[in-house]
Number of protein chains: 2
Amino acid sequence: METTTPQTDQQRSAERRRRELLEAADRVVLRDGPGASMNAIAAEAGITKPILYRHFGDKGGLYAALAKRHTDALLESLRAALDAPAERRERVEQTLDTYLAAIEARPQVYRFLMHPSDGAAPGEQGFDVGLHSAPVLRRMGEELAQVIEERIDLGPGSAQLARVWGHGIVGMMHAAGDWWLGERPCSRAELVSSLADLLWGRLAAAGNRVGGPGF
Amino acid sequence: METTTPQTDQQRSAERRRRELLEAADRVVLRDGPGASMNAIAAEAGITKPILYRHFGDKGGLYAALAKRHTDALLESLRAALDAPAERRERVEQTLDTYLAAIEARPQVYRFLMHPSDGAAPGEQGFDVGLHSAPVLRRMGEELAQVIEERIDLGPGSAQLARVWGHGIVGMMHAAGDWWLGERPCSRAELVSSLADLLWGRLAAAGNRVGGPGF
DNA sequence: AGACATACGTTACTTGCGGTAACTGGAGTC
DNA sequence: GACTCCAGTTACCGCAAGTAACGTATGTCT
């Protein structure tokens, strides 16, 4: 057989191993929260620490690899909702709802991606060592910016405007979702509708309250 | 019992001490970034670790106290801009600009408040141990929600709507500001104007691009 | 005055993490 | 059969959070 395929064989094996390790890490993080230690992950994978370090360099590398998996999956869903052939408002609501459904379905994953250091027990190292603080939001922002610029006519300076809006809208969605996930003050549909209303200028259109405080 | 003024004296002294410690911690964090160690902070304050722990319990407590100081200051400025007697758009722009000016003027403080674990050197503990991940955003969101509900007439369900919008707008401002601070793609005034345009429904009003991709 | 409680401060320690160096055993190669 | 790579191990270092146990000045009670 391919007795003369040492490198390819090794590479395939290494990649499979890497996937296994990532899945083990996933399980641990999902179970123990983001405070999971490298030791615990190694144990779950049935091996010991140095192997993890050989594969991922350091904890930040493991975090990045783990985050990339989930981020890719999330972005995939969002792209689908964003590219759907529907009216703009419909698309916006679908995208918001997709995002919220995702974080609602797997809050542990969400918390890991967005607040990787929370839940670290005393003496434990957080998980976002390095500069990996929520690159998810950045990626989503850039992605949305691109879609906006491709599909909407914004006149001069559209590139800049699209990027500002991309990051702004993503941030709005994120913050509202984070708050909603914590307090559950209303249904998902209501939240989606309220946010879409905001984006549709209802804030600007609303009238002043009568007998307000002071003025 | 309260023999004259021993307790009060002690309390005053303790409070002054606490302020001194917080100021020292501030200096260290501002200088060394959020990876500052308790030892370093204690040294800067001219004392040793256990005193810090007697005053703040644990690192999370120190973080919380530190964050509260800055958060209070920031909220103060924002409230002023938000309560100014001006047209709504003017007020919104002023508030956005105030926030952006603050994070632009003291990015170190900003990064500490928002991304407290970044910059932690290997082996160092991040700074947001505990559940203190960005309560700043929550507080700003609630504050804004209150102002919105007080001053704007939103019809039925206004309380809920105001809260969603409060958190959403704060998240928009935060994410856009974070991105802007990192890349500086445009002037502050442009960013403010773009965000206000977004809130004023320009996204909804814009026309579709001709010859878009696919459709 | 002298014994005493109390808060302030210290040194010295434990624990547990991330990360690494140096050793070990088994596959394939000449 | 000697040689070379690997995956994997044990055993360790450095360092940070957090704690226990030990002084020491200050003002109070008898």
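Reply: Two residues are taken to be in contact if their C-beta atoms, placed from the backbone, lie within 7 Å. In chain A, 57% of the contacts with a separation of 6 or more join residues 24 or more positions apart. The model is predicted, so that local features need pLDDT of at least 70 and side-chain atom pairs pLDDT 80 or more, while totals for chains, interfaces and linings use all residues. Residues are numbered from 1 along each chain as its sequence is written, with chains lettered from A and ligands numbered from 1 in the order in which they are written.

Chain A contains ten helices and two strands (DSSP runs numbered from the N terminus: H or I of at least four residues for helices, E of at least two for strands). Along the sequence their order is α-α-α-α-α-α-α-β-α-α-α-β. Of the 215 residues in chain A, 36% are buried, that is, have 20 or more other C-beta atoms, placed from the backbone, within 10 Å of their own.

H9(A) has twelve residues and spans 17 Å between its first and last C-alpha, close to the expected 16 Å (1.5 Å times one less than the number of residues). Buried within H9(A) are Leu191(A), Val192(A), Ser194(A), Leu195(A), Asp197(A), Leu198(A) and Leu199(A). Their cover draws on both chains: it includes helix H5 (88–105), H8 and helix H10 (202–205) of chain A, and from chain B helix H8 (158–183) and helix H10 (202–205).

Ile169(A), Met172(A), Met173(A), Ala176(A) and Trp180(A) of H8(A) make the contact with Leu191(A), Leu195(A) and Leu199(A) of H9(A). The crossing of the two helices is right-handed (the near helix is turned clockwise from the far one by less than a right angle).

After H9(A) comes Gly201(A), which has a positive phi, near 85 degrees.

How values were computed: Buried ≥ 20, exposed ≤ 12 C-beta atoms within 10 Å, placed from the backbone.
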